[in-house]
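Me: Could you walk me through the salt bridges in this model, please?

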Amino acid sequence: MFFKIIHSTMITRVLILFSVCFSFIGFEAAAGEINGKALDAKTRKPVEFVNVGIKKRGASEYLPNGTITDMEGNFTLTNIPKGNYTLAFTFVGYVTLEQNVDVKTDAAVNIAPVMLTEETVMLGEVTTVGQRSQMTFDIDKRVFNVDQSIASTGGSASDILSNIPSVEVDPEGEISLRGNTSVTVWINGKNSGLSADNRAQILEQLPAESIEKVEIITNPSARYNPEGTAGIINIVMKDNRKAGYYGSLQAGVDTRGGYNASGNINFSSGKVDAYMSLGRRYRTGDGVGHTYRNNLNADGTTASYLNQERNDDETDGNLFGRAGITYRLTPNDHFSLSAFGMLDDEVENDHMRYTGNVPNSFTQSYRLSEDKNNMQLGNFEAGYKHEFHEKSSLDFTVTRFAMNRSAEAVYTQTSDFADGRTASAYQTQTSDADMNLWEIQLDYINEFGVDNKIEAGYKGDLAHSTSPVETVSGTTPADAQPNHDLYNLFTYNQDVHALYTTYGRRIARFGFQAGLRGEYTRMDTRSLGYGQTNADVPLYGDDYFSLYPSMYLSYELPANNEVQLNYTRRVSRPRGGRLNPFVNIMDSTSITYGNPYLKPQYADALEFNYIKNWDNHTLSASIYYRKTGNVIQRISYIENNVMKTTYENVAKTQYAGSEFILKNNLWGRLDLTSTLNLYYNKLDGFTYLPPNTHTPVVGKADEGFSWNGRVVASMILPHQFSVQLTGNYNSHRLIAQGHNNANGSVDIGIRKSFFDRKLSLTINVRDIFNTRQRITVTSGSGFYQENMFARVGQTVRFVLTYTFGNMKEKITKPSENDGMMNGMDGDEE
């Protein structure tokens, strides 16, 4: 009954908002048109079927007014309001050209013939682009084109993200956005099963060559899922739509014994678009780390210490495949099927050496952890899209994600004590976790008049996971017996149902978009010990309804300047291991357990953006403020000389900062993107009382200033050489109960093309100066600790890529809807 009441209330509110939005429908502003002609630069003959896209200057998404050239190479863009635009001319076999056009009156704008060529030349106002621009801006996101990234060729999605402005990836794969780890990562606008528990492993295996672009959405509108208080990182896979068939083969090796091999093929015609790719990656790596912990007396002096030195080696091999097809039943009806899957096997050996003088504990110890992990995942999506007309569409998709992750860990330990005793321990722990996710999405878009746009839709996320753990313990493998204290079966279910609507309008230079999203969430968990059944342990459940408003305001200033102001509300829900109360005592010196009573944390975010465009330069300056309440914090404390760690909603945080992004195209050869992020972070103090104790854990309030910067330089050199250099630096940064030390790194890549760019050799070096590491310092009631981890040494990678196809010889007319698609239309959840 409650569920029905909630849904009825939510639907009523959204329908009221629909009515309000439709009441804004008004006049249509006067509009002009742009006429032109596309010619082959060598033959001077017309080129038909060229995709002609149009977008606001400096924006990333194209307007729906795009068209294709006719048999004489002519094109006309109609219903173009006054403003400053960029036209893009694309056709397989020719270099993409971009041209700035200003529509100042209602009269038609006639531009000079556009010359399509394979060479990099300057033709009046038209600039040919041998490499796509690395970054473009839109009102609610920044888009980074990475399909030509040299520094990450042959690498993984993690390598791609580590070169994206505002994004940080630490040596263990932890991802943060503007210094905040509460960030959501998607693949093609979908959750795709990624969570804080598994995304590091999945992204490390996702091949870089399958990624087209990365979208950074720091303050998403109501159309987007509000999960992740820091924002959204959306990884968009390649799905090109160009006439003919074409593909590539790639193979590479690195200096650590790793290799990669992949192939892909694409086909496109007037009725069918299809693609398929398959890749194999194998990598090896070594890690080094330490943990130095002092146990403190009440007066702050050291009572005892425990130090750990760690070395690990790992190998990881995976097979990744993708396939998809779109069938155009009619010009307005599209059916699509797509899937991707991964098989991954990982082996890791950790060698840990302890020394210490903790009472009733060893003085030195050696522990070997041998881990074997096997992961199988698959994602299948079916979609249907109906276009009522060129500015109105209905998009329906159903996505099914499933993942199995089995693991076996073998621990052997030998310890020496002060009294001369020696003790041995042996444990084996096995797990077999399953995750299943359904995503159901319906999106409606309608652009009416010239400057009005309404969006509305439904999104359902239905998630279920089970995580059984079994353990055997003894002194040797021969006497090991089942350890029922270390048995656990954890189940987690979460359903989220959402309705949203947004309305946007532009009146002369002023634009706005208002949105509202309502979500009903139902979550339950259960943690069973050995011999327990569902009847013995009741479910812990929580259900709630939340509203997430958003507002965007923009104003175009003279001389290609624009200012934007936006507000959104976000959420970060607890999930996975953070909720599991199972006490993991596998490492007797460091015990962890979750908290099933965690509540969501909510954030209010305000951001002001200024964008200035020149012909070859773009400046984006942002001022942002984010306040988060009920923050889920990782809390560590000492109890009986043992470190214990759990999670609790204990504090509030505030972030305020400025971010500057400068994009320069210099001399037609150098593309330079520079990012500087300056921010102030304040953490409120907290008091937490651990279970079964009378001594509270007190976290002191702290505040500080941090900054990070990144420079990405890409240069086209003579004789078909190109170079990319990336450098980044992160300053000292506050975290709960401590801070992360400063760190930085430099990557470089060089590419040489042969045989009319059909074959290329790429050489890249990751972490040239071997400085990519994480050092975390934490302190609390009764302890002070420093933890460090780093990957050892540089990695040099050599990759050969061969492209093929019949794009020039066989020109097939594409659909009117091909070409400049609006990014993630219908897939932006």
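Reply: A salt bridge is a side-chain nitrogen of Lys or Arg within 4 Å of a carboxyl oxygen of Asp or Glu. This is a predicted model, in which local features need pLDDT of at least 70 and side-chain atom pairs count only at pLDDT 80 or more, while totals for chains, interfaces and linings use all residues. Residues are numbered from 1 along each chain as its sequence is written, and side-chain values use heavy atoms, leaving out hydrogens and water.

Me: How many salt bridges does that rule give?
Reply: The count comes to 32 salt bridges.

Me: Which residue does arginine 310 meet at 3.7 Å, N to O?
Reply: Its partner in that salt bridge is glutamate 348. Arginine 310 belongs to strand β21 (residues 302-330) and glutamate 348 to strand β22 (residues 333-356), so the pair ties together parts that are 38 residues apart in sequence. Strands here are DSSP runs of E, at least two residues long, numbered from the N terminus.

Me: Is glutamate 348 buried or exposed?
Reply: Glutamate 348 is buried, at 15% relative accessible area. Buried means under 20%, exposed over 50% and partly exposed in between, with a 1.4 Å probe and protein chains only.

Me: What network of salt bridges includes Arg310?
Reply: The network links Arg283, Arg310, Asp312, Glu314, Asp316, Glu348, Asp350 and Arg791. Within it, arginine 310 also pairs with aspartate 312, with 3.2 Å between the closest N and O atoms.

Me: Turning to arginine 766, what is the salt bridge with aspartate 747 like?
Reply: The closest N and O atoms of arginine 766 and aspartate 747 are 2.9 Å apart. Arginine 766 is buried at 8% relative accessible area, and aspartate 747 is buried at 1%.

Methods:
Helix = DSSP H or I, 4+ residues; strand = E, 2+ residues; numbered from the N terminus.
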